[in-house]
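Please read these points with the model open beside you.

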Amino acid sequence: MNNEATEKYLETAKKNVLAKTGKTVEHWAEVVKASGIEKVGQQVAMLKEKHGITHGYAQMICQIASGRLDASVDELLEMQFKGKESLRPLHDAIAAYAGKLGKDVGVDPGKTATSLRRSKKFAAIVPASKTRIDLGINLKGMPGNNRLAEEKPGAMCTHKVRLESAADFNAEVKAWLKEAYEIA
């Protein structure tokens, strides 16, 4: 976690889990650990099916159980860009632009991607290969085009833009990101 909005989001989510389930996220993290299930997707499914926890909260609990939220931002970004170091400046430019969209923007690096959120996730920065970042953007209902590719239903973001250089992160892409922020 790297800013006040993200910290506030996490604290609110933890309180909501307690209010909705009567148990703390730490309790649920122990349930996940005790289950012996290793894959996050299966852990999430177990929490949802067996305990009635909603998807977003189940995801957060699994990240807490794995210790991911204990890693520093630098450690998480280092993991994301291992072998892809040349893409880090592009990531940083996208994150900096997103941060300027509003004081409520949370920039949340993980092991494989960086989520950009407001009240909900509006985009994700994914180092997809050694030469490309896929910028996932949530623009529900917007038709795709040759640059703004529609993702399959159920994907974390509704659209994806492939970026290989800073020049690719142009005014058109920034406008899509701003629109996603505004509707989040």
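1. Sheet order. Six strands form an open sheet, in the order E1-E2-E3-E4-E6-E5, with antiparallel pairing. Strand E1 (106-109) and strand E5 (149-150) are the edges; each has a single partner strand, so one side of each is left without a neighbour in the sheet. Strands here are DSSP runs of E with at least two residues, and helices are runs of H or I with at least four residues, both numbered from the N terminus. Two strands pair if DSSP finds at least two bridges between them.

2. Basis of the model. This is a predicted model, in which local features need pLDDT of at least 70 and side-chain atom pairs count only at pLDDT 80 or more, while totals for chains, interfaces and linings use all residues. Residues are numbered from 1 along each chain as its sequence is written, and side-chain values use heavy atoms, with hydrogens and water left out.

3. E1 pairs with strand E2 (residues 114-117) in the antiparallel sense, over four bridges. Take Val 107: its bridge partner in E2 is Leu 116.

4. Salt bridges overall. How many salt bridges does a search of the whole structure find? The search finds nine. The criterion is a side-chain nitrogen of Lys or Arg within 4 Å of a carboxyl oxygen of Asp or Glu.

5. The pair in H1. Lys 14 forms a salt bridge with Glu 11, and the closest N and O atoms are 4.0 Å apart. The two residues are three apart in helix H1 (residues 4-21), so about one helical turn separates Lys 14 and Glu 11. Lys 14 is partly exposed at 23% relative accessibility. Glu 11 is also partly exposed, at 38%. The classes are buried (under 20% relative accessible area), exposed (over 50%) and partly exposed (in between), with a 1.4 Å probe and protein chains only.

6. The pair in H7. Glu 182 and Lys 178 meet in a salt bridge at 3.9 Å, N to O. They are four residues apart in helix H7, which means a separation of about one helical turn. Glu 182 is partly exposed, with a relative accessible area of 48%. Lys 178 is partly exposed at 40%.

7. A network. Salt bridges link Arg 132, Asp 134, Glu 151 and Lys 160 in a network. One of its contacts joins the side chains of Lys 160 and Glu 151, at 3.9 Å from N to O. Glu 151 is partly exposed, with a relative accessible area of 31%.

8. Negative patch. Asp 74, Glu 75, Glu 78 and Glu 85 gather on the surface in a patch of negative charge. Patch residues have over 30% relative accessible area and no salt bridge, and like charges are joined within 9 Å. Glu 78 lies in helix H5 (residues 73-80). It is exposed, at 61% relative accessibility.

9. Tyr 181. Is Tyr 181 buried or exposed? Its relative accessibility is 8%, so Tyr 181 counts as buried. Tyr 181 sits in helix H7 (residues 171-183). Tyr 181 and Lys 120 are 61 residues apart in sequence, with 9.2 Å between their C-alpha atoms.

10. Ile 137. This residue belongs to strand E4 (residues 133-137). Ile 137 counts as buried, at 0% relative accessibility. Ile 137 and Met 156 are 19 residues apart in sequence; C-alpha to C-alpha, they are 8.9 Å apart in space.

Terms used
Patches are made of residues with over 30% relative accessible area and no salt bridge: like charges are joined within 9 Å, nonpolar side chains (Val, Leu, Ile, Met, Phe, Trp, Tyr) within 5 Å. Accessible areas come from the Shrake-Rupley method with a 1.4 Å probe; for residues, only the protein chains shown count as cover. Lys and Arg count as positive and Asp and Glu as negative; His and the chain ends are not counted. The place of a charge is taken as NZ of Lys, CZ of Arg, CG of Asp or CD of Glu.
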